[in-house]
Structures are given as structure tokens and as C-alpha cells.
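Hello,

Here is the structure I promised to pass on. Have a look at it first, and my notes follow below.

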Amino acid sequence: MLYQIPSFLLDVITGLLGGACLLRLYMQYHRVPFGNPVGRFLFALTDWIVMPLRRIVPAVRRWDLASAVAAWLLVMMKYLLLMLLVGSLRPAILPLLSLFGLLQLTVSGLTALLVVYAVLSWVPGASPLLKDLIDRLADPLVRPLRRFIPLVGGVDLSPLAAIVLLQVGAIVIGNLLTGVYSLGR
């Protein structure tokens with residue numbers, strides 16, 4: 001219990017802040033405008049870590065690497081604090097462990113995006129502004145699958161297929177994460 005509660009709280013904080021950094025990166029890559037409430041919320045939540053990193057980490061084409069590095073540093077801080085809590089500090093594996101943790105966070109965020117996308121497609125009175133934003137973010141994930149998955153009774157199953165593929169990826173990343181963690185022993 002003394003490990004589970006701090007671990008849960010760190011997961012929530014890292015998921016919120018790191019996920020916001022990753023969403024900021026994803027929205028900038030797809031040139032989604034930030035003038036909406038979600039964009040303003042992301043800037044307010046992430047500017048404190050992304051803006052100082054921008055002085056050191058330049059963008060590469062449409063990729064805002066400062067946002068990616070910020071998310072990676074937040075995940076690394078989580079693992080560092082958990083290692084210190086357990087009393088098993090392994091600095092040699094921390095960067096690689098954090099990279100796989102970042103991939104895990106990315107998969108979780110994309111899965112959540114697709115769930116929201118699917119739910120909003122069923123809700124007739126959804127906010128057009130929010131629906132448009134979610135559509136613009138989810139479309140690049142489901143568009144390639146639509147070529148192979150036909151509509152079934154008028155229902156688009158491509159979001160479900162994308163979620164299944166992401167969960168398979170999450171299983172692979174989870175196993176790699178366990179392998180990396182056991183390297184440091």
C-alpha cells in the first residue's frame with residue numbers, strides 16, 4: 001500500500017502533464033489550431049516545461065521536440081521517484097526505461113483519443129467545435145484502416161480496429177519495459 005498510493009498518484013500526474021505535452025506535440029504536428037479551449041488548456045498546463053526546453057531543443061520540421069522531451073523528462077522523473085521510493089536506484093537503465101514508459105503513455109493517449117472519437121460519433125448533440133477537433137486528431141489514425149475495413153451495417157469499425165492494434169502495441173511495450181527493468185538487476 002505504501003508503494004501503490006504514491007505510484008498511482010505519480011501515474012496520474014505524469015499521465016496528465018506528460019499526456020498534455022504529447023497532445024501538444026500531436027496537435028502541432030497536424031496543424032490543429034490552438035485557439036479552442038482544449039488548446040488554451042494545453043498551453044496553460046505545459047508552457048512551464050515546454051517553453052524553457054524550446055531554447056535548448058529546436059523543432060525539426062513539424063515536430064515540436066521540446067514537447068516530446070518534456071514528456072520524456074516527466075516520465076523519467078516518475079520512474080526516478082519510484083526507484084527512490086523502493087530503494088532500488090538504477091541510473092543506467094533510467095533513460096531507456098523512461099523511453100518505453102513514454103511509448104506506453106503515447107499508446108494510452110491515442111487509445112483514449114479513439115474512445116472519445118467513437119463515443120462522440122454516437123452522440124448526436126455533441127459540441128461541433130469539440131467534435132471537429134477530435135475528428136482532426138483521430139482521422140490520421142483511422143484513415144489507413146478504412147481502406148481495408150468496410151462499413152458493417154453503416155457502422156465504421158476502423159476505430160475499434162485501431163484500438164485493438166494499439167492494445168497489441170501496449171502489450172509489446174509492456175513486455176519490453178519489463179525486460180529493460182530486469183536488465184538493471
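A word on terms before the findings: a residue is called buried under 20% relative accessible area, exposed over 50%, and partly exposed in between (1.4 Å probe, protein chains only). Please keep in mind that this is a predicted model, where local features need pLDDT of at least 70, side-chain atom pairs count only at pLDDT 80 or more, and totals for chains, interfaces and linings use all residues. Residues are numbered from 1 along each chain as its sequence is written, and side-chain values use heavy atoms, with hydrogens and water left out.

Let me start with Trp-122, which belongs to helix α4 (residues 94-122); helices here are DSSP runs (H or I, at least four residues), numbered from the N terminus. Trp-122 counts as exposed because its relative accessibility is 64%. Between the C-alpha atoms of Trp-122 and Ile-93 there are 44 Å, with the two 29 residues apart along the chain.

Leu-73 sits in helix α3 (residues 65-86). Its relative accessible area is 33%, so Leu-73 is partly exposed. The C-alpha atom of Leu-73 is 18 Å from that of Pro-6, and these two are 67 residues apart along the chain.

Now to the loops. Most residues other than glycine have a negative phi. Arg-31, however, is not a glycine and has a positive phi of about 55°. You will find Arg-31 in the loop between α1 (4-29) and α2 (37-54), and with 56% relative accessible area it is exposed. Arg-61 is not a glycine either, and has a positive phi of about 55°. Arg-61 lies in the loop between α2 and α3 and, at 83% relative accessibility, counts as exposed.

Best wishes

How values were computed. Helix = DSSP H or I, 4+ residues; strand = E, 2+ residues; numbered from the N terminus.
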